[in-house]
Amino acid sequence: MRWLVLALLCLQLGEGMVRIPLRKGRSMRELMREKGMLESFLKGDPGRKYQLSNAVAYEPLTNYLDSFYFGEISIGTPPQNFLVLFDTGSSNLWVPSTYCQTPACAKHNRFDPSLSSSFSGISVNYTLSYGFGDLSVTLGYDTVTIQNIFVRNQEFGLSLDEPSRPFYYLDFDGILGMAYPGIAISGYNTLMQNMLQQSQLAEPIFSFYYSRNPTYNYGGEVILGGLDPQLYSGEVLWAPVVQELYWKISIEEFSIGPSATGWGGPGRHRPVGPRAVFFRPISGHFISAFLQALGAEESDYGFAVDCSNVPSMPTLYFAISGAQLPLPPSVYVLNNNGICTVGVESTYVSSASGQPLWILGNIFLRQYYSIFDMANNRVGFALSA
Ligand SMILES: *[C@@H]1O[C@H](CO)[C@@H](O)[C@H](O)[C@H]1NC(C)=O
């Protein structure tokens, strides 16, 4: 919930490549069946707790400086449009509103409740904290639309006050939290919960594809209610969620090249929160050992390495659910016009267990397509297309 600030500290420029259009000839179910996915999803959820529909929403994401990936949703009747950050590290939905008069609000799309026939307010105010700053919201209910998915009576925050830092400077209007209800403000039924309860999804999952060559216009997509087997290859590796607040999974070992670091181990939980923002591992006291192993040095623009050394730098390995997920230097080193930096930063988020907490953000998620299974509480990774 308080992790977003780090993303602001490490903006990277995009490379500007053209995306190859996807073929959507076959149905999701056909493709899933072909890959043997459908059966395993169905098997994993014997009770079929939720009534499912046929709806899968393919929501394109805009990539802003490789740091934020956001898409359009609408709220109200008739619909009012907003760009929101799809955030697996928080659980609330909020957008700017006409109740807010600050410059940050005036610069963004603002929800006007008086223009929506389906709006109802509940005059309860809350503060939402994202670490870089707080904003206050009042709660209301309205219809939320994402592509072909409609959620009625969704509780959401209408901003009352947004400070200029950082909100004035953000390219998106609001945030759509996709983590568990336990970290939402009290009584809040999350949008994802409501999608399930209102039978809006074909499968109780959502998945993220971040393009390896993001452009502003196409950074990737979030798929609600399904996955797209054309966007990844090979097997999906599943990891159980160890605590249903964030999407926290455990890392058994982390290796730099052939050397295990011991920053993991059987039976010790390494909580990881894959989220839609950053690759941001390692609590403060691990980062210096990590950077030393890579030969990186702290500089004004980040952890710098010599670009000519990148081919000989070690591959990083995350051991998750008994498999090794490699991250080669060509992926974790960012080259901005000849200035090379390691796409890693230390997090100030403390881990309750005192063990290293990693946040697998956009560098990791560009390499690995990620699937969030809400029925079986597990996270899946597969090599991104
Ligand atoms: C919520 O905030 C608004 C604007 O500051 C204020 O007018 C209203 O009285 C507050 N409501 C409650 C229930 O505190």
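Which strand is Val144 found in? Select Val144 and you land in strand S6, which covers residues 134-146. Before you go on, keep in mind that this is a predicted model.

**Stop 1: around Val144**

Stay on Val144 for a moment. Is Val144 buried or exposed? Its relative accessibility is 1%, so Val144 counts as buried. The cut-off for buried is under 20% relative accessible area.

Now show the neighbors. Leaving out residues up to four places away in sequence, Val144 touches Ile73, Ser74, Ile75, Leu93, Ile149, Phe150, Val151, Gln154 and Leu191. Pick Ser74 from that list: Ser74 and Val144 are 70 residues apart along the chain, yet 5.8 Å separates their C-alpha atoms.

**Stop 2: zoom out**

Go back to the whole protein chain and color it by secondary structure. How many helices and strands are there? The chain has 9 helices and 23 strands. Its length is 385 residues, and 59% of them count as buried.

The accessible surface of the chain comes to about 15,100 Å², and carbon and sulfur atoms account for 52% of that.

**Stop 3: the disulfides**

Hide the surface and select the cysteines. A disulfide is a covalent bond between the sulfur atoms of two cysteines.

Start with Cys100 and Cys105, whose sulfur atoms sit 2.0 Å apart. Both of these cysteines are buried. Look along the S-S bond of Cys100 and Cys105: the torsion is about 85°, so this disulfide is right-handed.

Then jump to Cys307 and Cys340, which are joined by a disulfide with an S to S distance of 2.1 Å. What parts of the chain does this pair link? Cys307 is in the loop between strand S17 (302-305) and strand S18 (316-320), while Cys340 is in strand S21 (residues 339-342). The two are 33 residues apart, and the bond links distant parts of the chain. The torsion about the S-S bond of Cys307 and Cys340 is about 110°, so this disulfide is right-handed.

Compare the two ends of that bond. Cys307 is partly exposed, with a relative accessible area of 24%, whereas Cys340 is buried at 3%.

**Stop 4: a charged pair**

Side chains of opposite charge can pair when their charged atoms come close. To see this, select Arg378 and Asp373, which form a salt bridge. Their closest N and O atoms are 2.8 Å apart. Arg378 and Asp373 are both buried. The salt bridge count for this model comes to 1.

**Stop 5**

Technical notes. Residues numbered from 1 in each chain as written. Predicted model: local features only at pLDDT ≥ 70, side-chain atom pairs only at ≥ 80, totals over all residues. Heavy atoms only, no water. Salt bridge = Lys/Arg side-chain N within 4 Å of Asp/Glu carboxyl O. Buried < 20%, exposed > 50% of the residue type's maximum accessible area, 1.4 Å probe, protein only. Disulfide = S-S within 2.5 Å. Helix = DSSP H or I, 4+ residues; strand = E, 2+ residues; numbered from the N terminus. Contact = heavy atoms within 4.5 Å. Areas by Shrake-Rupley, 256 points an atom, 1.4 Å probe, with all protein chains shown as cover.
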